[in-house]
Amino acid sequence: MTRQDHVRKWTIYALALLPVWWLEVYVLNRFPVLGVVPMLLPVAAVTVAVLEGTVAGAGFGLGVGILCDAVYYGGWGGMTLGLCLLGWGAGAAAQYALRRNFGGSLLCAAAALAVIAAARVVSGLFTGLAHLPALLEVAVPELLWSLCFVCPLYPWFFWVRRRIHKFLRL
Amino acid sequence: MKDFFRNNGLLILIAAALLAALTAVGSYLFQGAPNPLENVLGVVTTPIRDGISALAGWAEGIYNYSFHYEELQAENERLRAELAQLQETARDAEAAVKENERLRELLGLREQRRELTFESATITARSTSNWASTMTLSKGSAQGVAAGDCVVDAAGNLVGIIDEAGTNWSTMITVVDATLEMGALLSRTESIAILEGDFTLMAQERLKLTYLPENTELLTGDLVLTSGLGGNYPSDLVVGTIASIHTDASGMSRYAVITPAADLESLVQVFIIKDFDIVE
């Protein structure tokens, strides 16, 4: 793949991320389910990582992490490093241990969301935000509701990947 | 192992670690202001967010007109009646103000003053996190908005406090956010207490009133205002009403759960208090 092809490929992935971001910021946050709104961007980062492998997963995770830290309230750089590591990990798992399919994507997303939830709970306990049961009451439904979005996001990015390959004649 | 990392994006991981460290240092240094990248993204996306917000408002208007026409008509009639009543009250108040001025002059008292400088703003985005209650507004430091400014709705009810002001946007934590803490005044008893956001109550869009004086008699429905003590926030902004009164786990002190007066769900336009001068 030439450098130009790489630029085209990642531009298409970035454009494919826009409707996901729009859905998260303008639609789903108005309709909480079980009292929570889902996290779509980490799921999107992990899904692309599963489809594209370690290096691309880390790169896409880095991009999505920067977006999260820049756009969302309270960003301090944690998502930049966190999503890069999770993208890298998901890419490595899909490349060397799991299959690059819906099942692999679901497992990686579950692991990534669990890591994010655990980090938030620990941080909440550390800062005295609330007691453990109260934090878990938010973290667990958030994880489960976000995980449901692997169902639409995996086919979406799978379709985007196929279009990219067709477009770039790979 | 070394080769594995070298062939599998080690440089990207190092770049991510450096960027994260840079962002963390930036957020620590620029408290109350966004880091440069955050600001640029905010500046670029604000017009888009404004557009989407306007489009959503228009769609909501059409939906309400189509499906809630009768409700809107009933609400309109109720508001007309309320307006007539308020106009009468305003006439009485005007006479009372004039009388008050005359009496103050007779007694040689200092003139009361309450000057608030407002900046109107629209809500361009709402919180996407379950861990904080925030809103993004369409005005920022270019319009004189700064961190710590109070935000009220059209009726003057407190909506939140500006936490971060970008060039043409700002982020506000709402009154129910778990990190909120400010002085409060119980309107009926004139007792001072502390308003605190609570993580568990945040999802129910409520907050806590704590450090209540021992002998204060609390009633559900009591109005809670900002105390203005300390001079950081203006006084007498309506925060909400007492929904319920509880005793804490130790059994030693009481706290009240407050329902905010501002309807956080349906807000579209708000007013930022950029400056205030209150003499009582």
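A residue is taken as buried if 20 or more other C-beta atoms lie within 10 Å of its own, as exposed if 12 or fewer do, and as partly exposed in between, with C-beta atoms placed from the backbone. The structure is a predicted model, in which local features need pLDDT of at least 70 and side-chain atom pairs count only at pLDDT 80 or more, whereas totals for chains, interfaces and linings use all residues. Residues are numbered from 1 along each chain as its sequence is written, and chains are lettered from A, with ligands numbered from 1, in the order in which they are written.

B:Ser266 is exposed because 8 other C-beta atoms lie within 10 Å. B:Ser266 sits in the loop between β11 (254-260) and β12 (269-279) of chain B, helices (H or I, at least four residues) and strands (E, at least two) being DSSP runs numbered from the N terminus. The C-alpha atom of B:Ser266 is separated by 46 Å from that of B:Gly108, the two residues being 158 apart along the chain. Chain B as a whole contains five helices and twelve strands, and its C-alpha atoms fill a box of roughly 85 × 55 × 40 Å along the principal axes. Of its 280 residues, 32% count as buried. Where contacts in chain B (C-beta atoms, placed from the backbone, within 7 Å) link residues at least 6 apart in sequence, 57% join residues at least 24 apart.

In chain A, helix α1 (residues 3-27) packs against helix α2 (residues 41-52) at an angle of about 155 degrees, with the axes 10 Å apart; axes are lines fitted to C-alpha atoms, for helices over the stretch in contact, and angles run from 0 to 180 degrees between N-to-C directions. The angle therefore makes α1(A) roughly antiparallel to α2(A), a class that requires over 145 degrees. On the α1(A) side, A:Tyr13, A:Leu17, A:Val20, A:Trp21 and A:Glu24 meet A:Leu41, A:Ala44 and A:Val48 of α2(A). These residues divide into seven nonpolar, no polar and one charged, where Ala, Val, Leu, Ile, Met, Phe, Trp, Tyr, Cys and Pro count as nonpolar, Asp, Glu, Lys and Arg as charged, and the others, Gly among them, as polar.

The contact between the chains takes 36 residues from chain A and 32 residues from chain B. On the side of chain A, two or more residues each are given by α1, α3 (54-71), α4 (78-96) and α6 (132-148), and the largest share, ten residues, comes from α3(A). By class, that side has 22 nonpolar, ten polar and four charged residues.

Key. Angles under 35 degrees count as roughly parallel, over 145 as roughly antiparallel, 65 to 115 as roughly perpendicular and the rest as oblique. Two residues are in contact if their C-beta atoms, placed from the backbone, lie within 7 Å.
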